[in-house]
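Hello,

Here is the structure we talked about. My notes follow below it.

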Amino acid sequence: MRWLLLTLLFFLPFTLHAYSTVVTFHLYGPVIVVVNYNNTELFITQNESVALTGHVIIKAQPTALGYVIYINGKRTDMVALNVTEPTIINVTAVPTYVTVKINVIGKGSINLQLSNGTTVTITKNVTFRVQNYSYIYLTTPFSQNVIINNVRSNFYVTLITNSTTINVTFLPNKKKDLNTPLNLTGIALGVIALAIYLFTRKKS
């Protein structure tokens, strides 16, 4: 009887583990994760795979100021799961504000508009901070030949998701050549950019 009891005690942990499921945590940025499972807390500070099953509560918090948490692409710092199959949890600490650098090459003026409605005119290199996951919109006079980030256009709109550099090059104005083809690509991209920006502003 004693031998049987010892055998059961020996194999019990392996039996319980066999019913557990592997949950893989991928951590991005300054973040720490706390997993509440079976009346215990598990701290995760790096990419790690753990055996879990059943009801699990996952909490995350940034380890530096100025960050918000996204779990599997959703802005939240806590999720509750019922683990029944292998699962991947992506936890990302995203900066609240990021840096935008605009390099002005040549002579010209740029009209910059932010998502909050702020508008400024730029004529030289500038660096500033904006709220992450917000739009910025650039326009230049139609009378000037401009290349913005390798695209010839007088419009430029972009969703800022990280620190970004935008290069604006003003080309010397030349007499129009009737044999020079119209840059339809730049115009089309400008119209699309403008439509996206106006739609986003209307929704907000």
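Is T140 buried or exposed? The model is predicted, and in it T140 has a relative accessibility of 7%. The cut-off for buried is under 20%, so T140 counts as buried.

Now its surroundings. T140 sits in the loop between β14 (134–139) and β15 (145–148). Leaving aside residues up to four places away in sequence, T140 touches S109, I110, V146, S153, N154 and F170. With one of these, N154, the contact is polar: side chain to side chain, at 2.8 Å. S153 lies 13 residues from T140 along the chain, and their C-alpha atoms are 8.6 Å apart.

Next, the strand pairing. β9 covers residues 87–95 and pairs with β1, residues 21–28. That pairing is parallel and runs over 6 bridges. Within it, H26 stands opposite N90 of β9. β9 also pairs with β6 (residues 67–71), this time in the antiparallel sense, over 5 bridges. There, Y67 faces P95 of β9.

Last, the chain overall. The protein chain has 204 residues, and 31% of them count as buried. Its secondary structure amounts to 2 helices and 18 strands. Take the contacts between residues at least 6 apart in sequence: 59% of them join residues at least 24 apart.

Best wishes

Notes:
Residues are numbered from 1 along each chain as its sequence is written. This is a predicted model: local features need pLDDT of at least 70, side-chain atom pairs count only at pLDDT 80 or more; totals for chains, interfaces and linings use all residues. Side-chain values use heavy atoms; hydrogens and water are left out. Helices (H or I, at least four residues) and strands (E, at least two) are DSSP runs, numbered from the N terminus. Buried means under 20% relative accessible area, exposed over 50%, partly exposed in between (1.4 Å probe, protein chains only). Contact means heavy atoms within 4.5 Å. Two strands pair if DSSP finds at least two bridges between them. A polar contact is a pair of N or O atoms within 3.5 Å; within protein, one must be able to donate a hydrogen and the other to accept it, and residues adjacent in sequence count only if both atoms are side-chain atoms.
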